[in-house]
Amino acid sequence: MTTYNEIFENNRRWIASKLASDSEFFGKMANSQTPPYLYIGCSDSRVPTNEIMGLEAGEVFVHRNIGNLVPNTDLNVMGVINYAVVHLQVKHIIVCGHYNCGGVKAAMQAKDLGILNPWLRNIRDVYRLHMDELNAIEDEHARYNRLVELNTQEQCINVIKTAAVQKSYVANGYHTEHGWVYDLKNGLLKDLEIDFEGVLHEIQKIYDLTGSGLMQKDSE
Ligand code: ZN
């Protein structure tokens, strides 16, 4: 395990290696950012965002929390989505869950988890929404894995419910939403193939926040 002091040595080595391949690297980074991707993932230390995507500094705007959740009352994640969509104009929004997620596992326990209760209740709500499918899976680990996928899917839907994403779609036609699950056991990213337009049209009658009526007309 890396010691605290070694982190600063690592930092200096990293600076040297960056400058060796591009002497302007830090000058360019300091100027501005135009990342095409917003990534919303779990805080789990075993899911290193940039590494698993093969992306360099400046290529992905990142938000992480326990269970990769997108609750509409959380100012943090809502602010990140708004800034990424409205100001950075990202083209793709990714919600990435992962198998063996401690947050999802904790939410499956019938237990008082203190301050984590209101946060993890978002995952319990996903369980309630998909109870029939989940309870039909007899193997507990398979049920746990499926809840990881369904939680990721529901958080994608929460992203699509936001005004920023809906307005960006109406204005720019971006097909922006993706749901992925990362497998800690082999490093693979699984694309849940979220049907962005399908979800958008499905939920628009209740969650349409564009004020334009354009999405309503789309489906007629
Ligand atoms: Zn997790």
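Student: Let's start with Phe-26: is Phe-26 buried, partly exposed or exposed?

Tutor: Those words rest on relative accessible area: buried means under 20%, exposed over 50%, and partly exposed in between, using a 1.4 Å probe and protein chains only. Phe-26 has a value of 29%, so Phe-26 is partly exposed. Phe-25, at 10%, counts as buried. Before we go on, this is a predicted model, where local features need pLDDT of at least 70, side-chain atom pairs count only at pLDDT 80 or more, and totals for chains, interfaces and linings use all residues. Residues are numbered from 1 along each chain as its sequence is written, and side-chain values use heavy atoms, with hydrogens and water left out.

Student: How many aromatic pairs are there?

Tutor: Rings of Phe, Tyr and Trp (its six-membered ring) pair if their centres lie within 6.5 Å; planes under 30 degrees apart are stacked, over 60 edge-to-face, and the rest tilted. By this rule there are 6 aromatic pairs. Take Tyr-4 and Phe-8: their ring centres are 5.7 Å apart and their planes stand at 70°, so that pair is edge-to-face. Tyr-4 and Phe-8 are 4 residues apart in helix α1 (residues 4-21), which puts about one helical turn between them. Tyr-4 is exposed at 61%, while Phe-8 is partly exposed at 40%. Phe-25 and Phe-26 also make an edge-to-face pair, with 4.9 Å from centre to centre and 90° between the planes.

Student: Now charges. How many salt bridges does a search of the whole structure find?

Tutor: Side chains of opposite charge can pair when their charged atoms come close. The rule here asks for a side-chain nitrogen of Lys or Arg within 4 Å of a carboxyl oxygen of Asp or Glu. The search finds 7 salt bridges. One of them joins Glu-56 and Lys-18, whose closest N and O atoms are 2.9 Å apart. Glu-56 sits in the loop between α3 (49-53) and β2 (60-65) and Lys-18 in helix α1, so this pair ties together parts that are 38 residues apart in sequence. Glu-56 is partly exposed at 43%, but Lys-18 is buried at 16%.

Student: Where is Arg-143, and which side chain of opposite charge is nearest to Arg-143?

Tutor: For charge, Lys and Arg count as positive and Asp and Glu as negative; His and the chain ends are not counted. Arg-143 is in helix α8 (residues 140-160). Arg-143 is buried yet has no salt bridge, and the nearest side chain of opposite charge is Glu-140, 5.0 Å away. The side chain of Arg-143 does reach the backbone oxygen of Ile-137 at 3.0 Å.

Student: And what about Asp-183: where is it placed?

Tutor: Asp-183 is in the loop between β4 (177-182) and β5 (189-191). Asp-183 is buried too, with no salt bridge, and Lys-185, the nearest side chain of opposite charge, is 5.9 Å away. A polar atom of the Asp-183 side chain lies 3.0 Å from the backbone nitrogen of Lys-185. Contact means heavy atoms within 4.5 Å. Leaving aside neighbours within four places in sequence, Asp-183 is in contact with Tyr-99 and Leu-188.

Student: Finally, how many helices and strands are there in the protein chain?

Tutor: Helices (H or I, at least four residues) and strands (E, at least two) are DSSP runs, numbered from the N terminus. The protein chain has 11 helices and 5 strands. Buried residues make up 39% of its 220 residues.

Methods. Polar contact = N/O pair within 3.5 Å; in protein donor to acceptor, adjacent residues only side chain to side chain.
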